[in-house]
Amino acid sequence: MGPLVDYPLLVFVVSFVVMWFSAWLGPFLRRRLELHESVRDDFGLILAATLTLLGLIIGFSFSMAVNRYDQRKNLEEAEANAIGTEYVRADLLPAADAAKVRVLLKGYLDQRIQYYVTRDLEEVREIDVLTARLQRDLWSAIRAPAKANPTPVIALVVSGMNDVLNAQGYTQAAWWNRIPAAAWILMLAIAVCCNVLVGYRAHSFRQEAVVLLVLPLVVSISFFLIADIDSPRGGLIRVVPQNLVALAVSLRAP
């Protein structure tokens, strides 16, 4: 499920086709396996319970996706605050070291913005390499003055740099934190069962074709929305690095 859910439109198409076929399968099964009169009431109860369970699972998964999206937004803001604070604290360093740290922070900020806006996985890997290199350079830039003058004031600079480096790690972990494949499989399995049961309840697929399209369409749209919100790069709903961009503009202002 991993590669598939990175393409929400593909999730919509695949889920709609699978569930529409499941709905078509219902009337086919009814012609070959007619329920006894004594169990028809139980069938209605099972159908209602299955649809309810599907709704709960979809709602739970949607909540998971929204929470992860909000977490990515909050961590983008935290990254911008950490970089901006460290840029100001660089004044506490000797002039030469401060200038070097500021230059490195500007380059680091550009890479963080690119990380948010790019969709190309090869470019993401290049950004990760450059980011790791800049992190080493940033730490080296403050390590020498910190060892030479280990005062509480310099400790603030070291602490701020630690926040900058940690913020990137938290962001990376949040982007990797996706809805588990087991949840997607469970949703799809329950949706297939629901469509088979709804189709089974119909007397004829041709006579109720429009009605039997409703559930596959609605559930597929729900899957599309969940996949879109949960996909950091593949969806239409993505985290815009507005705080990082605003910081970059302010740092370059005369």
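# Exercises on a predicted helical chain

Leu-45 is found in helix H3. The model is predicted: local features need pLDDT of at least 70, side-chain atom pairs count only at pLDDT 80 or more, and totals for chains, interfaces and linings use all residues. Residues are numbered from 1 along each chain as its sequence is written, and side-chain values use heavy atoms, with hydrogens and water left out.

## Exercise 1. Compare sequence and space

Solution. 
1. Now take the whole chain. Contact means heavy atoms within 4.5 Å. Among contacts between residues at least 6 apart in sequence, 82% join residues at least 24 apart.

## Exercise 2. Explore Glu-79

Task: Is Glu-79 buried or exposed, and what does Glu-79 contact?

Solution. 
1. Find the residue. Glu-79 belongs to helix H3 (residues 40-89). Helices (H or I, at least four residues) and strands (E, at least two) are DSSP runs, numbered from the N terminus.
2. Check the cover. The relative accessible area of Glu-79 is 1%, so Glu-79 is buried.
3. Leave aside neighbours within four places in sequence. Glu-79 then contacts Tyr-108, Arg-112, Tyr-116, Ala-167, Gln-168, Thr-171 and Leu-244.
4. Look for a polar contact. This is a pair of N or O atoms within 3.5 Å; within protein, one must be able to donate a hydrogen and the other to accept it, and residues adjacent in sequence count only if both atoms are side-chain atoms. The side chains of Glu-79 and Tyr-116 make one, at 3.2 Å.

## Exercise 3. Describe the core

Task: How many residues does the largest nonpolar core have, and which helix gives the most to this core?

Solution. 
1. A nonpolar core is a set of buried Ala, Val, Leu, Ile, Met, Phe, Trp, Tyr and Cys residues joined through side-chain atoms within 4.5 Å.
2. The largest has 56 residues; Ile-83, Val-101, Leu-109, Trp-184, Val-219 and Phe-223 have the most contacts inside it.
3. Helices supplying at least two residues each include H2 (8-32), H5 (121-148) and H9 (242-252).
4. H3 gives the most to this core, with 11 residues.

## Exercise 4. Judge the whole chain

Task: Describe the helices and strands of the protein chain, then its confidence.

Solution. 
1. Count the elements. The protein chain has 9 helices and 0 strands.
2. Check the confidence. pLDDT is the predictor's confidence in each residue, from 0 to 100. The chain averages 87, and 90% of the residues score at least 70.
3. Helix H1 (residues 2-5) is lowest, at a mean of 67, and helix H4 (residues 95-117) is highest, at 93.

Conventions
Buried < 20%, exposed > 50% of the residue type's maximum accessible area, 1.4 Å probe, protein only.
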